[in-house]
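Hi everyone, thanks for making time this morning. I'd like to walk you through one model, so please have a look at it with me.

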Amino acid sequence: MADSAGIQQGSPAIGAAGLVPAAPGAGGTEGAAGGSARIAVKKAQLRSSPRPKKLEKLGVYSSCKAEGACKCNGWKSQNPPPTPPRTDQPSSTVSLQEPCRSCSHTLGDHVTHLENVSEEEMNRLLGIVLDVEYLYTCVHKEEDADTKQVYFSLFKLLRKSILQMGKPMLEAQESPPFEKPSIEQGVNNFVQYKFSHLPSKERQTIMELAKMFLNQINYWQLETPSQRRQRVPNDDAAGYKANYTRWLCYCNVPQFCDSLPRYETTQIFGRTLVRSVFTVMRKQLLEQARQEKDKLPPEKRTLILTHFPKFLSMLEEEVYSHSSPIWTQDFLAGASGGLIPIHTVISAPPVARPLYYSPSPVSVDPSTCGSVSPARKTASVLEPNPVGEKRKPSEPLLHEENKRPRVVGDIPMELINEVMATITDPAAVPETSLLSAHSARDEAARHEERRGVIEFHVIGNSLNQKPNKRILMWLVGLQNVFSHQLPRMPKEYITRLVFDPKHKTLSLIKDGRVIGGICFRMFPSQGFTEIVFCAVTSNEQVKGYGTHLMNHLKEYHIKHDILNFLTYADEYAIGYFKKQGFSKDIKVPKAKYVGYIKDYEGATLMGCELNPSIPYTEFSVIIKKQKEIIKKLIERKQAQIRKVYPGLSCFKEGVRQIPIESIPGIRETGWKPIGKGKELKDPEQLYSTLKTILQHVKSHPNAWPFMEPVKKTEAPGYYQVIRFPMDLKTMSERLKSRYYMTRKLFMADMQRIFTNCREYNPPESEYYKCANLLEKFFYTKIKEAGLIEK
């Protein structure tokens, strides 16, 4: 069973055998806990000794103060103890008059400076003495030259501190922290970036995994520079050696020599150190976990064997990505440009018995699958209940509120926290069915990816590396899918591009076989990527795979700092690309892509601009959460104002109309008067303005459903549902007859067209979408004409 002392703040322990890092100079045979514990026991025994015994111990490291400028740098006994010391004979206390074997002056002459020193200060110096003796042993036992040199430097530093009765201060060009953001902050940012949308239970599990990872780094034994040179010959040897020296001085040795200031590795080092250890560390951690799976506590087994590997895979992407936002200083910067304070989600807890894996050289190739890039896998299907105390969801939000300037009209943070607590509680929010009309297009595909049913890999052919059999099989599968789904495209042309080393393909793998993909070519110097082929095999369509494929492709390009897509779409593909955010409005300057992109006859050039702040594979989940939050806030508001007012009696008295703002309770609902516009008093000017607006509306591409009255034969039952129909032809006739004496009458009729359409048609229908787009266009024209305030 894992030592319970090794799990603090709910941090899971991996190793059940209690393996620990080697103490300095112990050659890997002495454990950290055992080594530091023995030193602590020796210090306690020495500090409880009588004062003469303490003076004898300190005299060994004190220069002679006798007259005549004696050069003796430490008192030496006439009868030195046997080596090794015998434990069966009690050690005798030496008199202050005992002469030194080297200079013949007494012990008292060596310790005169300690006569008036307090017991506390003497105990501090004795602690340094034992650390010096321990480092002396390390220097003689250590075989690695770089490590030996560091031990010797620390030995001299502590020796000097005893002579000068000062505190040991490391002299270095740089002081901690050595890189920002730190590893701890980077992992915090990673949790915020990838998992902030998850419910509290699943987010708590992610936090446990993050604590586990930070804990392992804090107690990880770095390989020596010479070992690393053998394993990675082309690496930055000088940079690694500098970090290794800092790690020994500030993190490793102070675990055993507590007279030196100690820092956590995760708090003073950053991305550079993580990159140098992550690959080996991940491999050895997972291998050790598999070997010891039978010794793991049952409640930790699923967490460590199933979820920890997924967590490490996702983190590995961010560690080695050149454009990951988690390592930027301004992560989560606010819109105003200032930094939003980030609540520390996790911190590495001090652990008495951490897991350790020996840093023996291991041949690891992070690109064993050619150009395969592991797809982002979300952890929203994590099963086990989190262990340890939960963080209150209000903590980070309250911290944020104190720093962020309040905006007039902001919703109180207390209410947001209360609503978030109900939103993140799975029992309070009914799960949306995958067949529901309100489920996202990619929801089914996202669920399959979480369960491991489908995988996404970026692959490509290479002329420089040995062909990978699996990659070649996938490329052949992609060629077949594209050939079957794009029959008008020559098969030889498809084959040439799929196997062209300059092209890559995001492949969709299900049950080990290719069922779809997007072939593309990146032009980093021009700032765009051309999408060449995009297809999903026919029997796997209408499952959201196409949307999820495109979302993965967007995230892949954001990591590679390319934020524009271009593609030529035929008439069958235009609808798909529109749904993925493409449009005919090309943001890339023409000079950037002319001569680079392939031109296809009869196809439409479409483009898509990416937003690096959007996590595209989880975007629909985030939008769903936002809708739930707004819905809850509306319900709270309604509950607060649920007051019944008496009916209006003014109409019985002959009043034809009243201002909306005079209706009792209308303002409490949040209603605000629409900005007043300019009412045109000249009838001819009003007629001319309304005629121009109506002509613009009728010529809009989305106006075709509303041009004439709805025919009963085309929409059975329409007039049973819609009591007051309206259309653009009727409005034109009313305009000609000078019916619209005010702008309000005109706007009311136009609004009725849109309202009727949305009432009769379902939200996913083309008519419903046309109504929304045309309504937006109409109000733009109304504002441009000055009939309502902008």
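Let's start with E316, which is buried, at a relative accessible area of 17%. Keep in mind as we go that this is a predicted model. So what does the side chain of E316 meet in a salt bridge? The partner is R282, with 3.8 Å from N to O. E316 sits in helix α12, residues 298-320, and R282 in helix α11, residues 271-291, so the pair ties together parts that are 34 residues apart in sequence. R282 itself is partly exposed, with a relative accessible area of 22%.

Now, a second pair for you. The side chains of R734 and D749 form a salt bridge at 2.7 Å, again N to O. This one links distant parts of the chain, 15 residues apart: R734 is in helix α24 (residues 728-736) and D749 in helix α25 (residues 743-760). Is D749 buried or exposed? It is buried, with a relative accessible area of 7%, while R734 counts as partly exposed at 26%.

How many salt bridges does the structure hold? The total is 22. There is also a network of them, linking E448, K510, R513, E540 and K543.

Let's move on to the nonpolar side of things. The largest nonpolar core has 84 residues, and F213, F308 and F311 are the members that touch the most others. Which helix gives the most to this core? That would be α4, residues 119-141, with 11 residues. Apart from this core lies another one, of 29 residues, including A445, I515, M522 and F565.

And to finish, please turn to the surface. L648, F651, V655, I660 and I663 form a nonpolar patch there, with about 380 Å² of accessible area together. Where do we find V655? Look in the loop between α21 (619-640) and α22 (683-698). Patch members need over 30% relative accessible area, and V655, which is partly exposed, has 33%.

That's my tour, and I'm happy to go back to any part of it.

Conventions:
Residues numbered from 1 in each chain as written. Predicted model: local features only at pLDDT ≥ 70, side-chain atom pairs only at ≥ 80, totals over all residues. Heavy atoms only, no water. Patch = residues over 30% accessible without salt bridge, like charges linked within 9 Å, V, L, I, M, F, W, Y side chains within 5 Å. Areas by Shrake-Rupley, 256 points an atom, 1.4 Å probe, with all protein chains shown as cover. Salt bridge = Lys/Arg side-chain N within 4 Å of Asp/Glu carboxyl O. Helix = DSSP H or I, 4+ residues; strand = E, 2+ residues; numbered from the N terminus. Buried < 20%, exposed > 50% of the residue type's maximum accessible area, 1.4 Å probe, protein only. Core = buried A, V, L, I, M, F, W, Y, C linked by side-chain atoms within 4.5 Å.
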